[in-house]
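Reader: I would like to learn how to read the features of a structure, one at a time. Could you take me through some of them?

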Amino acid sequence: MAIREDRRPTLASWPKRIYDWEELPERFRPALEVWRAQGLPPGNVTYIPKVHQYKKGVEYVTAWLGEEVLLLTGGDRGVDSTLVRPGDVVRMTYTIQLLKCFVEVLLDRGGETVTVGFSYNRTKEDQLFPVLNLLLGNAPDHRPGLTHPADPALERLLTDSYAMYNNSKLCYRFGDTIRDSLWVPGRNYGLQTFRKQKPEYFVGRMDRGVVAIHTDFYARRTVYLTWDRIREVAVEEAAFRGPGPRRRPALVLKTTCGEPVALPLLPGQKEAAKAFAARLL
């Protein structure tokens with residue numbers, strides 16, 4: 001059987017802001033009827049098509065009204081709808097892999113956790129800024145800082161790792177100032193040993209919480225945690241499970257919901273990590 005070729009232009013899979021309700025696929029419209037009755041403008045809605053037209057996949061719709069966000073996921077079995085209110089978000093994980101962005105949100109539903117996410121092409125990420133801002137507790141029109149202020153620790157980071165110096169600017173989606181930080185380089189294992197680019201880890205103390213960033217050859221992963229969701233921060237032996245030695249020491253951020261966030265440490269990094277953990281809480 002011949003394989004059906006997706007002949008759409010590249011931009012056909014990019015996020016698309018809705019300017020007229022007829023532009024939104026029919027199956028997503030019923031989930032927005034209540035908000036439309038409350039005055040939802042179409043410009044507050046973004047449609048994210050499937051990446052490949054003829055392959056199994058998921059399409060998404062994001063919408064926001066006031067301080068609330070509505071996430072719609074459309075698959076083979078219909079449309080799932082998730083309403084996110086202020087205070088629902090336990091953590092948000094933001095991953096960049098080349099031009100692909102993936103957002104995963106952990107929600108607290110009265111002691112039970114629910115995970116919801118969506119992915120999109122980074123080329124049109126500006127259309128998702130209001131939703132990303134609201135999920136992080138910002139105003140929809142918030143614009144984070146694009147440059148670091150003069151700071152000795154960040155100036156050292158510029159010398160140690162130009163890449164992480166720039167990646168750490170993702171912290172400003174969670175506050176205006178990095179109050180304290182820890183940067184540790186990692187190590188590749190197995191076949192990855194031959195890669196010149198090593199994994200790196202950065203933790204920033206912000207006024208509203210903690211931001212943990214992990215970069216490697218493929219992706220940048222950023223986790224945002226608010227103070228009220230952080231239960232404990234400590235350096236623990238044999239706490240990290242991943243490539244390389246079976247269990248390694250790690251800086252661990254334990255939260256009130258969900259799995260802990262663990263950043264692996266190399267020999268010689270534990271004392272600096274312990275000092276940072278003591279300052280953090």
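Author: We will go through strands, hairpins, cysteines, rings and one aspartate in turn. This is a predicted model, in which local features need pLDDT of at least 70 and side-chain atom pairs count only at pLDDT 80 or more, while totals for chains, interfaces and linings use all residues. Residues are numbered from 1 along each chain as its sequence is written, and side-chain values use heavy atoms, with hydrogens and water left out.

Reader: What is the order of the strands in the open sheet of 5 strands?

Author: Strands are DSSP runs (E, at least two residues), numbered from the N terminus, and two of them pair if DSSP finds at least two bridges between them. Here the order is β1-β2-β3-β4-β5, with antiparallel pairing, and the edge strands, each pairing on one side only, are β1 (16–17) and β5 (78–84). Between β1 and β2 (residues 45–48) there are 2 bridges, and Arg-17 stands opposite Thr-46 in β2.

Reader: How many bridges join β6 to β7, and how many join β7 to β8?

Author: In a regular strand the side chains alternate between the two faces of the sheet. Strand β6 (residues 89–97) is joined to the antiparallel β7 (residues 100–109) by 8 bridges, with Val-89 opposite Leu-107, and the hairpin has 2 residues between the strands, where Leu-98 takes a positive phi near 55°. From β7 to the antiparallel β8 (residues 112–121) there are 10 bridges; Asp-108 stands opposite Thr-113, and in this hairpin, also with 2 residues between the strands, Gly-110 takes a positive phi near 65°.

Reader: How many disulfides does a search of the whole structure find, and is Cys-101 buried or exposed?

Author: A disulfide is a pair of cysteine sulfur atoms within 2.5 Å, and the search finds 0. Buried means under 20% relative accessible area, exposed over 50% and partly exposed in between (1.4 Å probe, protein chains only); Cys-101 counts as buried because its relative accessibility is 0%, and Cys-257 is buried too, at 10%.

Reader: Over the ring of which residue does the charged end of Arg-173 sit?

Author: A charge sits over a ring if NZ of Lys or CZ of Arg is within 6 Å of the ring centre and within 35 degrees of the ring normal. The ring here is that of Tyr-94, with the charged end of Arg-173 4.5 Å from its centre.

Reader: Why does Asp-180 count as buried, and which residues does Asp-180 touch?

Author: Asp-180, in strand β9 (residues 180–185), counts as buried because its relative accessibility is 18%. Contact means heavy atoms within 4.5 Å, and, not counting residues up to four places away in sequence, Asp-180 touches Val-203, Gly-204, Arg-205, Phe-276 and Arg-279.

How values were computed
Helix = DSSP H or I, 4+ residues; strand = E, 2+ residues; numbered from the N terminus.
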